[in-house]
Amino acid sequence: MKKFRIAALPFAVYAGIFIVAPIILIFMYSFQGAGGEFTLENFTRFFNFSDPTYLKVLWRSIYLAAISTVICLLLGYPMAYILSKLPNRIRGILSFLFVLPMWMNFLLRTYAWMTLLERTGIINTFLSNLGLPTWDIMYTQGAVILGNVYNFLPFMILPIYNVLIKIDKSVLEASADLGGNGSVTFRKVIFPLSIPGVISGISMTFMPAVTTFVISKLLGGGQNALIGDLIENQFKVTGDWGFGSAMSVILMVLILAAMQIMQRYEDENDGSGGVLL
Amino acid sequence: MKKIFALTLITAMLFSLAGCSSEDVPTLTVYNWGDYIGDGVIEQFEEEFGCKVNYEMFDQNEDMYTKITKAGGEYDVVIPSEYMIERMINEGLLAELNHENIPNMANLSDYVLDRDFDLGNKYSVPYMWGTVGIVYNKTMVNGEITSWNDLWDPQYEGQIFMMNSVRDSMAVALMTLGLDPNTREQADIEAAQAKLIEQKPLVLAYTGDEVKDKMIAGEAAMAVIYSGDAANILMENEDLVYVLPEEGTNLWFDNMCILKDSEQKELAEKFINFMCEKEICEINRDYICYNTPHQEVWDSLDEETLHTYPDADVIEKCFIYKDLGEMAKVYDEMWTKIMVN
Amino acid sequence: MKKKLSPLSIIYSCLIFVFLYAPIAVLIIYSFNASKSRGTWGGFSLKWYAELFSNSDIMSALVTTLTIAVISAAVSVVIGTAAAVGIYYSKRRTKALLTSAANIPMLNADIVTGISLLLLFTFLKIDLGYITILLAHITFNIPYVILSVMPKLRQLDKNAYEAAIDLGATPLRAFFSVIIPEISPGIVTGAILAFTMSIDDFVISFFTTGGGVSTLSIEIYTMAKRGIKPEINALSAIMFLVVMTLLIIVNVRSSNAEKKREQ
């Protein structure tokens with residue numbers, strides 16, 4: 001069967017050219033000045049503590065992603081819990097209904113919120129027709145958070161749900177037999193057992209939220225730029241690829257570090273809820 | 001399983017065949033501003049010249065420049081503004097035009113030809129021109145808007161759309177401060193930056209083409225806008241008013257150019273010539289509402305349409321952008337900081 | 001054992017469903033609105049659908065999207081399945097090396113993958129366009145195929161292959177007649193995943209496109225950035241219908257397969 005090893009060769013070549021080399025290029029560019037010389041300036045420009053403009057953007061990205069993740073968790077956990085309690089047949093249909101919007105193109109989903117949230121949009125037209133005060137949220141950080149929550153909520157619900165349905169019923173019965181009431185069973189048994197699902201839910205929500213540039217651009221109006229917008233801007237508009245690459249390196253390190261932390265929790269379990277199909 | 005696989009391969013082959021057959025006709029790639037061409041013009045050109053046009057849009061001159069210079073992509077015809085044309089000529093990015101292939105240039109107005117940024121129109125042929133001004137919704141403001149300073153009036157908090165474009169927004173701030181919009185002085189640029197940061201709480205969003213729909217819908221009280229877009233939306237919502245601020249404004253020209261490494265130079269020249277035909281200029285003028293360079297079309301306009309054509313005393317106060325050379329980078333960085341601040 | 005759901009949890013579920021579906025429902029309803037403005041209902045009309053289909057930009061973007069999805073899925077299925085088999089039988093160190101290479105595009109943010117490929121293509125002086133989008137899609141699709149095929153390889157009955165060899169089959173023949181059928185569910189899953197990932201991608205295509213080539217996602221982004229366009233509502237309605245039909249087919253098929261297995 002050793003002969004089959006050769007089958008990995010095409011991939012090895014492909015990965016060398018299209019996966020490894022590009023990453024090396026990002027590192028190379030990040031240490032390059034305008035004239036191609038070696039420099040640390042791209043990084044010092046970002047970590048400039050006397051003018052923390054760019055650091056503030058990084059902080060804003062992390063902050064908004066964190067809030068979005070927390071909201072997703074608060075909304076998603078009860079939903080996953082309710083779903084997991086349902087009889088099998090209904091459960092299948094309902095979980096299908098949760099996956100369904102997720103398969104819609106996410107630009108369309110974000111666009112849907114544009115039409116809803118504008119001052120002359122559907123929600124506000126409706127509110128003002130009823131004589132109620134309008135909700136001026138478009139182009140604010142609130143709109144970006146809403147966009148994140150809407151797009152990534154299913155990513156939170158599903159992994160938690162996947163873990164919850166696997167919890168052995170006998171464990172719950174044992175807890176009840178030992179006199180634990182509903183809330184004790186939840187706190188002492190169900191929640192701790194569902195932690196792996198929560199962790200993968202958090203990483204599946206936080207990662208895309210912290211790196212997005214589309215949601216902030218469409219719903220945030222340009223002034224609520226995130227690190228993703230900044231990188232996009234360097235590559236598409238100002239053409240300063242060195243600085244853009246440096247910020248990508250920073251983003252990569254940030255995500256790998258976060259992954260590492262998540263991984264430690266996930267290793268304690270079989271890592272359920274990764275693939276959704 | 002086998003069936004699925006075979007089916008996939010067959011579809012893949014079919015599609016790639018379909019792809020090949022269309023490669024036989026010459027292809028011209030045109031890179032233009034968003035929403036900046038009349039309906040059906042491209043199709044008409046394709047039909048008349050038996051070719052295929054790939055049409056791509058950009059939002060600002062800087063996008064286009066970065067895409068062309070850094071990220072390779074094959075483009076033949078581009079339509080930048082004057083300062084960008086100046087820069088691209090200086091950097092040797094543009095091909096010299098063969099005027100014999102563009103006889104329709106004779107139909108264009110002297111007003112738009114032979115401008116400083118490209119004397120003798122060696123590299124570029126006028127496409128559209130116009131000014132920058134303020135469009136406001138008279139039901140949403142108190143009195144009249146007359147000055148760039150009104151964009152800093154605190155009563156319009158969250159009611160202003162600014163442009164997501166470094167030169168245009170910086171120029172607004174520089175004009176408000178009474179400084180030269182083509183300044184290369186660090187201190188002036190910093191003052192403009194501070195002015196724009198001060199304005200941020202009043203700004204609802206920094207927009208591109210979507211500003212048209214937003215102003216029609218009444219999303220905000222006022223917006224900095226190009227003259228043609230203003231003319232366009234004035235027809236849709238009668239509460240809107242367009243003004244050229246008293247401090248003066250920017251007069252701009254968007255010209256068609258051919259890139260030096262274009263492999264379809266002759267077809268590109270045919271395209272430029274086609275765009276200068278009277279009928280096409282009329283379609284474009286009616287659709288995008290900018291000021292036409294075509295003398296006959298210009299002469300045929302009625303009083304009301306001529307409203308967006310600046311008269312002599314306005315022109316006197318107008319300025320034209322110049323290439324900023326090395327300072328362009330400083331502008332870019334200042335602008336990025338304004339946006340993310 | 002089965003408890004009835006409390007009214008509170010029913011209400012809660014309904015609210016979450018409204019949150020998830022209201023925006024989509026609104027888009028679909030407004031796709032039939034004759035008036036362009038969102039505030040008013042101008043009567044039932046199919047004109048946005050007509051405009052959508054006569055929009056040559058959208059139609060050519062659709063063709064680009066589908067061909068890229070099919071070709072990239074097909075290529076990544078071949079490379080990815082071979083890779084999974086190769087990796088599975090490799091020595092420990094090679095295995096670790098190749099697996100981490102496959103993990104890079106899955107761990108990295110799309111924007112980082114996108115710009116890294118942009119850097120590569122410009123470094124190699126490849127003009128951005130159809131080919132570069134295709135190569136980029138193959139790049140991020142292969143790992144999904146590997147990921148789907150690997151578990152099936154682990155479940156593989158090693159004796160079946162040995163038996164085939166003992167019966168005189170060449171290794172290649174044994175591979176195609178014994179191993180491939182065993183891992184085919186993984187291959188199919190990989191192909192579907194790759195196809196959908198390709199269709200859904202925006203960020204990576206956005207950075208690797210050029211020369212006027214655009215995918216449906218890029219087209220939607222360009223339109224959305226230019227303001228609210230009723231044609232997008234029509235497009236949303238159609239896409240929702242397509243996605244729903246496909247998902248129902250896939251789900252019914254897999255639950256049928258499950259039932260068969262249970263029997």
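Modeller: Strand β5 (residues 160-163) of chain B is joined to strand β7 (residues 222-226) of chain B by 2 bridges, and the two run parallel. Two strands count as paired if DSSP finds at least two bridges between them. Within this pair, B:Ile160 sits across from B:Met222 in β7(B).

Before going on, keep in mind that this is a predicted model, where local features need pLDDT of at least 70, side-chain atom pairs count only at pLDDT 80 or more, and totals for chains, interfaces and linings use all residues. Residues are numbered from 1 along each chain as its sequence is written, while chains are lettered from A and ligands numbered from 1 in the order in which they are written.

β5(B) also pairs with strand β6 (residues 203-207) of chain B, again in the parallel sense, over 4 bridges. There, B:Met162 faces B:Tyr206 in β6(B). So which residues cover the two faces of β5(B)? In a regular strand, side chains alternate between the two faces of the sheet. B:Ile160 and B:Met162 are on one side, B:Phe161 and B:Met163 on the other, and all of them are buried. Buried means 20 or more other C-beta atoms within 10 Å of a residue's own, exposed means 12 or fewer, and partly exposed is in between, with C-beta atoms placed from the backbone.

Now hop to another parallel pair in chain B: strand β1 (residues 27-33) and β2(B) share 7 bridges. B:Thr27 is opposite B:Lys52 in β2(B), and 5 of the 7 residues of β2(B) are buried.

Most residues other than glycine have a negative phi. B:Asp35 is not a glycine, yet its phi is positive, at about 55°. B:Asp35 counts as partly exposed because it has 17 C-beta neighbours inside 10 Å.

29 residues of chain B are in contact with 23 residues of chain C, contact meaning C-beta atoms, placed from the backbone, within 7 Å. On chain B's side, α1 (2-21), β2 (52-58) and α7 (211-217) each supply at least two residues, and α1(B) gives the most, with 7 residues. This side of chain B divides into 10 nonpolar, 9 polar and 10 charged residues. Nonpolar covers Ala, Val, Leu, Ile, Met, Phe, Trp, Tyr, Cys and Pro, charged covers Asp, Glu, Lys and Arg, and the others, Gly among them, are polar.

Chain C touches chain A as well: 63 residues of chain A are in contact with 61 residues of chain C. Helix α1 (residues 9-30) of chain A gives the most to chain A's side, with 15 residues. That side holds 49 nonpolar, 9 polar and 5 charged residues.

α1(A) bends by about 40° at A:Ala15, the bend being the angle between axes fitted to the seven residues ending there and the seven starting there. Its buried residues include A:Phe11, A:Ala15, A:Phe18 and A:Pro22.

Chain A has 12 helices and 0 strands, and 49% of its 277 residues are buried. One of the helices, α7(A), has 24 residues and reaches 33 Å from first C-alpha to last, close to the 34 Å expected at 1.5 Å a residue. The expected span is 1.5 Å times one less than the number of residues. α7(A) bends by about 45° at A:Phe152, with a proline, A:Pro154, following within four residues. Since 22 of its 24 residues are buried, α7(A) is largely enclosed by the rest of the structure.

In the loop between α6 (122-129) and α7 (141-164) of chain A lies A:Tyr139. A:Tyr139 has a phi near 65°, a positive value in a residue other than glycine. It counts as buried because 26 C-beta neighbours lie inside 10 Å.

How values were computed. Contact = placed C-beta atoms within 7 Å.
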